[in-house]
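Trainee: Could you walk me through reading this model, feature by feature?

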Amino acid sequence: MMSLTDPEQPAKIAVLLSTRRHPVSALPVPHPNDVIALALGLRLSKLPPRVVHAGDPRDAALGDYLAFGAATVEVLPVEPDDDYPVMLARHLRDVDLAICGQRAHNGSGMLPYRLAALLDRPVLGDVLDVQAGDGKITATQRLTASQRRKVELPLRSVIAIHPQAAVSSRYIYASRIAGRIVTMHSDSLQECPKHEVEQWRLDPTERSAVVLRAPDRRSGHERMLSATAPAAGAGRVITEGTTAAKAQLLLSYLREHHLIDN
Amino acid sequence: MTASAVRRDPRRLYLTLPSGVRRIFLSPMATGSQLQLAATRIERAAKPLRTTTVARRSLLAVVYSDHGGLDDHARQVIAAATLIADAATEVIVACLGDSNDDFAAYGADRVIVLSDCGAGQFHPEHQVQCLNALLARHRPDHLFFPERCGEADLARRLAAATRLSIATHVVELSRTELAVRDRRSQRLARRSLTRLVLLAPDAVDARLPFVGRAEVSSADAVERGASTYRDLGLTTLSSSSLPLEQARLVIAAGNGVTDFELFRRLADTLDASIGASRVAVDAGHFSRDRQIGATGKTIAAQGYLAIGISGASQHLQGIKGCRHVISINRDAAAAIVQRADLALVDDAQALMQALLDALDASQDRQEHAA
């Protein structure tokens with residue numbers, strides 16, 4: 001039985017990192033969601049977790065991750081058209097728990113799901129907190145602003161951390177100097193499958209998105225009427241009746257629209 | 001002479017028909033609720049079916065029901081499917097969890113309720129299998145999901161398992177194309193429609209000029225196997241621990257509230273977040289972070305209960321995003337009454353007490369039943 005507390009055979013945890021450009025300065029900066037994921041990975045294991053980045057090994061943002069506590073950053077050099085989840089899956093085969101952020105800066109949020117499918121492991125997204133136990137982990141998932149779900153899943157899994165997870169991290173310049181960035185070269189990484197090239201075309205200028213709505217086939221007269229006349233049944237005004245009857249009406253309105261549970 | 005002249009009330013209740021004709025209610029007893037009933041009936045009759053052609057293709061919208069109903073985002077996803085469907089395409093709605101909603105009004109042609117896939121129990125393997133069964137049986141051209149925790153998780157699991165093409169955070173949609181916001185350049189990036197489409201909120205206007213057939217059909221039974229995940233249950237945070245902007249139900253006090261103890265008790269019973277108007281905050285009854293309005297917070301709650309608030313334009317600005325606004329006010333001419341979906345003209349203290357009594361009575365009844 002593998003255990004996080006067992007010093008003989010500690011669990012192997014990997015944290016996956018992405019980088020992004022700062023929206024104003026366009027400088028390479030670490031992704032805040034991944035900084036949180038890294039802090040959670042550091043907190044979970046006694047051993048330093050493996051920290052993996054698929055991308056350019058010369059990316060200046062990787063140094064910041066060293067400062068945030070990564071001892072070594074392993075970089076898998078990938079081309080833009082590489083199906084990099086396949087490479088990551090090969091690289092992380094002997095890792096127990098893989099942790100990543102919910103979504104890369106310009107990403108689709110598919111990486112944890114692809115990775116889990118390739119490694120044939122369970123996956124959980126929107127995770128706010130993780131408690132490790134005996135070969136199992138208990139994760140708290142954020143459903144809505146007020147709803148949380150606790151899920152127990154095996155240690156060998158992939159979890160994606162929600163950006164609102166309450167973990168603190170510190171920037172330490174000394175660890176940035178002490179840390180290393182290692183470029184991984186191995187034969188298995190050479191023949192990476194190319195994924196279907198997505199035909200994304202960028203608009204020439206920045207503009208707001210057009211809301212899809214039903215075409216308005218009414219005549220000009222009808223449109224004018226609907227613009228000037230108050231919408232039928234827009235609001236109900238109750239002036240008559242006893243206070244108790246009004247309270248009952250209010251209560252049934254709240255229930256009808258699922259605003260209260262009881 | 002004057003006694004024989006027929007006098008008509010110029011402000012009598014009337015209804016504007018879809019044709020633009022104003023219909024006056026002749027019955028002197030016609031009340032507001034009768035008028036509303038007639039309005040919905042006329043509106044329903046006026047809306048035609050989207051299509052009467054035999055369906056050869058289909059589109060599938062997958063949504064969770066929330067407390068037995070569909071919320072705005074879920075309706076937008078169904079509307080998106082109906083708006084890009086042509087005459088020979090039927091829109092199928094897979095509703096995960098029970099719902100009593102009127103799916104015809106949402107534009108659905110076929111409704112499949114998967115009661116055992118509701119949000120209450122986390123069993124992703126079973127849900128993916130159920131969706132796979134629907135995919136195999138109906139062969140929809142595209143699947144639409146709202147981009148939010150439950151459905152988005154399910155869609156990504158399905159995409160990873162089946163390797164169907166997927167586009168997430170879609171902000172613009174047409175029959176042939178979709179667009180997402182490129183966060184690097186802030187421009188829109190477009191591509192052809194993918195099989196799975198995860199729609200961002202408010203990318204679609206859910207108001208439709210037509211209705212669907214809403215035939216109810218059942219799904220093939222899928223055996224519920226064991227799960228690798230063990231659901232340890234849902235917890236709901238109390239509203240008081242949430243920031244006002246994220247609250248689902250907000251109850252706010254204004255100048256008309258004098259009994260603040262009663263007000264807080266009502267907020268506790270309803271499990272609603274407490275807000276206040278500027279007047280109540282200035283008077284020192286609430287802290288500044290509870291103020292709703294132009295100088296305070298802008299909220300987007302599902303339900304907003306304004307008690308003793310007249311509704312200054314600065315306050316109405318702060319509740320722009322609220323879905324259901326209910327006002328309790330003694331003044332029927334107050335501005336909040338215009339904005340409110342339900343306005344009760346009564347004394348705030350008396351109505352709050354009556355509401356608490358009604359809530360206690362219903363709780364007692366539930367306990368007796370249990």
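Mentor: Take L16(A), which stands opposite V52(A) in β4(A). Before going on, note that this is a predicted model, where local features need pLDDT of at least 70, side-chain atom pairs count only at pLDDT 80 or more, and totals for chains, interfaces and linings use all residues. Residues are numbered from 1 along each chain as its sequence is written, while chains are lettered from A and ligands numbered from 1 in the order in which they are written.

Trainee: What do the helix and strand labels rest on?

Mentor: They are DSSP runs numbered from the N terminus: helices are H or I with at least four residues, strands are E with at least two. Chain A has eight helices and 13 strands by that count.

Trainee: Back to β1(A), then: which strand joins it through four bridges?

Mentor: In general, strands of a sheet pair through backbone hydrogen bonds, either parallel or antiparallel. Here β1(A) runs parallel to β4 (residues 50–55) of chain A, with four bridges joining them. β1(A) also pairs with β6 (residues 97–101) of chain A, in the parallel sense over three bridges. In that pairing V15(A) sits opposite I99(A).

Trainee: Why is β1(A) described as largely enclosed?

Mentor: Burial is a neighbour count: a residue is buried if 20 or more other C-beta atoms lie within 10 Å of its own, exposed if 12 or fewer, and partly exposed in between, with C-beta atoms placed from the backbone. In strand β1 (residues 13–17) of chain A, five of the five residues are buried, so the rest of the structure largely encloses it. Both faces are covered, with I13(A), V15(A) and L17(A) buried on one side and A14(A) and L16(A) on the other. Across chain A, buried residues make up 34% of the 262 residues.

Trainee: How many residues of helix α3 of chain A are buried?

Mentor: Six of the eight in α3 (residues 84–91) are buried, leaving the helix mostly covered. They are Y84(A), P85(A), M87(A), L88(A), A89(A) and H91(A).

Trainee: And E152(A): where is it found?

Mentor: In strand β9 of chain A. E152(A) counts as partly exposed because 15 other C-beta atoms lie within 10 Å. For contacts, the rule is that the C-beta atoms of two residues, placed from the backbone, lie within 7 Å. Not counting residues up to four places away in sequence, E152(A) touches K136(A), T138(A), R230(B) and L232(B).

Trainee: How many residues of each chain are in contact with the other chain?

Mentor: 65 residues of chain A are in contact with 82 residues of chain B. On the chain A side, α8(A) gives the largest share, nine residues. That side divides into 30 nonpolar, 19 polar and 16 charged residues, where Ala, Val, Leu, Ile, Met, Phe, Trp, Tyr, Cys and Pro count as nonpolar, Asp, Glu, Lys and Arg as charged, and the others, Gly among them, as polar.

Trainee: Which strands form the open sheet of six?

Mentor: The order is β13(A)-β17(B)-β16(B)-β15(B)-β13(B)-β14(B), with parallel pairing. Its edge strands, each pairing on one side only, are β13 (236–238) of chain A and β14 (273–276) of chain B. Inside the sheet, four bridges join β16 (residues 324–329) of chain B to β17 (residues 342–345) of chain B, and N329(B) has V345(B) as its bridge partner.

Trainee: Which residues of the largest nonpolar core touch the most other members?

Mentor: A nonpolar core is a set of buried Ala, Val, Leu, Ile, Met, Phe, Trp, Tyr and Cys residues joined through C-beta atoms within 7 Å. Of the 113 residues in the largest one, V63(B), I78(B), A80(B), V93(B), V170(B) and L199(B) touch the most other members. Helix α2 (residues 72–84) of chain B gives the most to this core, with eight residues. Another core lies apart from it, with 47 residues, among them A280(B), Y304(B), I328(B) and V345(B).

Key: Pairing = 2+ DSSP bridges.
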